[in-house]
Amino acid sequence: MTSRDPGKKDIRKKNSLPPAGKKKVDESIRLNRFIAHCGICSRREADNLISSGQIMVNGKVVTDLGTKVIPGDDVRYKNKRLRSEKKVYILMNKPKGYVTTVEDPHADKTVLDLIGNEKCPERVYPVGRLDKSTTGVLLLTNDGDLAGKLTHPRYKRKKIYHVFLDRDVTRNDLFSLTGGIDLEGEIIAADAVSYADPEDKTQIGIEIHSGQNRVIRRLFEKLGYKVVKLDRVYFAGLTKKNLPRGKWRFLTDKEISMLKRGLF
C-alpha cells in the first residue's frame, strides 16, 4: 500500500474535475424545448417564435434555432419571464359557439373561458383545432412535447366524427370518401366511413387522420353536401363518454400514460 505525497497537490481537486468514474451532467436543453415545457406552445411553434425574434435570453434577442439554455437563464416572451409549470391535461366536450384559439380579438367566447383560473391556474391551450360550429372531444394541455406529437402528421392520430348532412348520402359517395378526394391538390381519404344510423342516411360516421383545416366540411362540400352539424366523438384514444357538453375534466394517469406512449 502506497501513501500519497503530502506535498503533491490533488490535480483533480484543483481543476474541479468530477470524481473518477462520474461524468459531469449537462443540464442544458434546447430553447424550443424549454419554451414548450413552459406551456407556451409546441416545439414547432416555438421555433417560429425564436426565428421571428420574439424570444429573449438573458436580455438578448435570439434567433438561432440551435440555442440552448441552462437552469437560471432568464428566458422571456412578450417581456414575461418563462417558467416551467406543472403539466396539466384536460379533456373537454366542446360546445358550439366557442373558438379554440388562445387569443382571438374577434371572438366573443373561447374554450378557455369554460375552464377559468380557479380550478386550473396553469396556462393551457388546445391541441389542434375545432372550428366554432364544431362540437365534441377537445384536448387542452401545457405539455408542448405531447401537443407536438399529437398534431404532427406522421403520428396519424385517429379522429372520428359524427356528421349530420342536409340530405341523404349515397353509397357511391361513401366509396368516394374512402377512395380519396382532391382538396386543393392533396388527395384526402377517410380511413373508414359508414352510416351512423341505418334508418337515417343523412348521418355519417367518419374516421380520418388528416389534420387539414375544416377537412370534414370541405370533403362533403366537394361532394355537394352541406354539413348541418359536426361532432367529434374520438381523438387519439379519448372520448367524451359521461362528459356533458360544455364540461371538462382532468385526464386520469392512465389516459396520460396512454397519450405519452402513443397507444392510440
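Contact here means heavy atoms within 4.5 Å. Helices (H or I, at least four residues) and strands (E, at least two) are DSSP runs, numbered from the N terminus. The model is predicted, so local features need pLDDT of at least 70 and side-chain atom pairs count only at pLDDT 80 or more, while totals for chains, interfaces and linings use all residues. Residues are numbered from 1 along each chain as its sequence is written, and side-chain values use heavy atoms, with hydrogens and water left out.

Select strand E7, residues 89–94. Six of its six residues are buried, so E7 is largely enclosed by the rest of the structure; buried means under 20% relative accessible area, with a 1.4 Å probe and protein chains only. Tyr-89, Leu-91 and Asn-93 lie on one side, Ile-90, Met-92 and Lys-94 on the other, and both faces are covered.

E9 runs antiparallel to E7, joined to it by six bridges; two strands pair if DSSP finds at least two bridges between them. Look for Met-92 opposite Leu-138.

Now move to helix H6, residues 215–222. Six of its eight residues are buried, so H6 too is largely enclosed by the rest of the structure. Those six are Val-215, Ile-216, Arg-217, Arg-218, Leu-219 and Phe-220. To see what covers them, select, among others, helix H5 (171–179) and strands E10 (159–165), E14 (200–208) and E15 (227–235).

Finish at Gly-224, which follows H6 and has a positive phi, near 95 degrees.

Definitions and conventions
Buried < 20%, exposed > 50% of the residue type's maximum accessible area, 1.4 Å probe, protein only.
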